[in-house]
Amino acid sequence: MYVLIFGVSAGFIYCSEKTQSKLLKRILIILALLIPSILAGLRDYSIGNDVLLYGNKWFERSCMYNSLFDFLEKAQEYSVDLGYATVNWCVSRFTDNPHFFYFVYELLQLSLLYFALKPFKDKISLPYAYLIYFFCYYNDSLNILRQIMAIIFVLFAYKYVVSRKLIKFILVILLAFSFHSSSIVGLALYPLSWAIENKQVKSIAKVGIIGVSLVLVVGYEQVFSFISNLGILSATKYSHYMTDTEVGGRFVRLTYWGILLVFMWVRRKRCESSIENYRTLEIYMIISAIMSLITFLGSTWIVRIAYYFDIYQVLFIPYLAERMGIKFGNVKKSSGYVILFVLVFAYWLITFVIRNGAATYPYMFMTY
């Protein structure tokens, strides 16, 4: 079911890129976003751990409040992020059905993703970027309800990193923060890009960034305690990020990012010479790989902080695929897309199908 929906949605986006009709283009894009959103709405409540943990509960509670401010006050009392609570309350003005909420919430995510990727559509394959997102994040989106919106907002902020619009960048990160406070780490994206793209300090900056990342891998507990003491993160709410060790997939993640780094290194010169701000995306990918080591040193949950860097593979992999330069017979241009998609598909198959990560497989339709 997932593969079919992902393929159909990406197919509509592909067709929208080929048509000259503005009306038809919009219709195809709307269909591309609607189909996976409908799938999210029609799912059984057992699909995604967080649905029964807090998803249904807080939507049903939002239906009981006439005042948004009263509801936000209650949400804040229970440490439910205000952006997520606001979307719940707004949808509850039209329906009391949680399935409709999950449909709307997924549609908002995929629409935001479209506008995050659209500024780069002349440089990457948009349908391919959506495929990368679907196979890397769609199943997670059915589970980590609050964080997935924050992650996409952080990706959306990238266009302001590239255009060096600091105020707009900060505003978008604050929006991400309203859905999941861990997204405060997204503030690091702007100075990281500035340092790594600066001709005078880029070499020193890269060594420094990698060095600091390695130090953070070892001392992440102290960093968490410091941020908690500042009141930015709730020590009670996120303490399990430091202690839980039951989450698996460490070797799968490390292998995936290790292979991606090898491809990145082999084609580094070709990418650097033809991709604007390539070093920015490269350093985000390196940080993701380094943060994978955290899972071997302590809690595996802490890797969810790395998601705010991981998400940039949705841009990076399409860039890299175009410049792989590996030839199979007479086929050269598309070979990179195939090779990297096989890697992503294998990751999805192991993580979300075989290991049932995010508790989303097998897909089950609603029963009532």
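1. Let me start with a cysteine. Cys136 is buried, at a relative accessible area of 5% (buried is under 20% relative accessible area, exposed over 50%, and partly exposed in between, with a 1.4 Å probe and protein chains only). Cys90, by contrast, is partly exposed at 34%. The disulfide count is zero, where a disulfide is a pair of cysteine sulfur atoms within 2.5 Å.

2. A word on the basis of all this. The model is predicted, so local features need pLDDT of at least 70 and side-chain atom pairs count only at pLDDT 80 or more, while totals for chains, interfaces and linings use all residues. Residues are numbered from 1 along each chain as its sequence is written, and side-chain values use heavy atoms, with hydrogens and water left out.

3. On the overall fold, the protein has 22 helices and zero strands (DSSP runs numbered from the N terminus: H or I of at least four residues for helices, E of at least two for strands). Of its 368 residues, 53% are buried. Among contacts with a separation of 6 or more, 74% join residues 24 or more positions apart (contact means heavy atoms within 4.5 Å). The exposed surface comes to about 16,900 Å², with carbon and sulfur atoms supplying 65% of it (Shrake-Rupley method, 1.4 Å probe; for residues, only the protein chains shown count as cover).

4. Back to Cys136, which is one of the contacts of Tyr256. Tyr256 sits in helix α16 (residues 250-266) and is buried at 3%. Leaving aside neighbours within four places in sequence, Tyr256 also contacts Gln313, Ile317, Leu343, Val344 and Tyr347. Its C-alpha lies 10.0 Å from that of Ser292, 36 residues apart in sequence.

5. Beyond residues up to four places away in sequence, Met149 touches Tyr105, Leu108, Gln109, Leu112 and Phe179.

6. Which residues line the largest cavity? They are Phe120, Lys123, Tyr158, Val162, Glu276, Asn277 and Tyr319. On a 1 Å grid over the protein atoms alone, a cavity is a set of points where a 1.4 Å probe fits but cannot get out, and lining residues have an atom within 4 Å of a point. The lining divides into four nonpolar, one polar and two charged residues (Ala, Val, Leu, Ile, Met, Phe, Trp, Tyr, Cys and Pro are nonpolar; Asp, Glu, Lys and Arg charged; the others, Gly among them, polar).

7. Some backbone spots to check. Asn277, from that lining, has a positive phi near 60 degrees; it lies in the loop between α17 (268-274) and α18 (278-291) and is buried at 12%. Ser79 has a positive phi of about 60 degrees, in the loop between α4 (68-77) and α5 (82-92), and is partly exposed at 36%. The peptide bond from Tyr361 to Pro362 is cis, with omega near -5 degrees, and Pro362 falls in the segment after α22 (335-354). For background, most residues other than glycine have a negative phi, and most peptide bonds are trans.

Technical notes: 1 Å grid on protein atoms, 1.4 Å probe; cavity = no way out; pocket = protein on both sides within 12 Å on 5 of 7 lines; lining within 4 Å.
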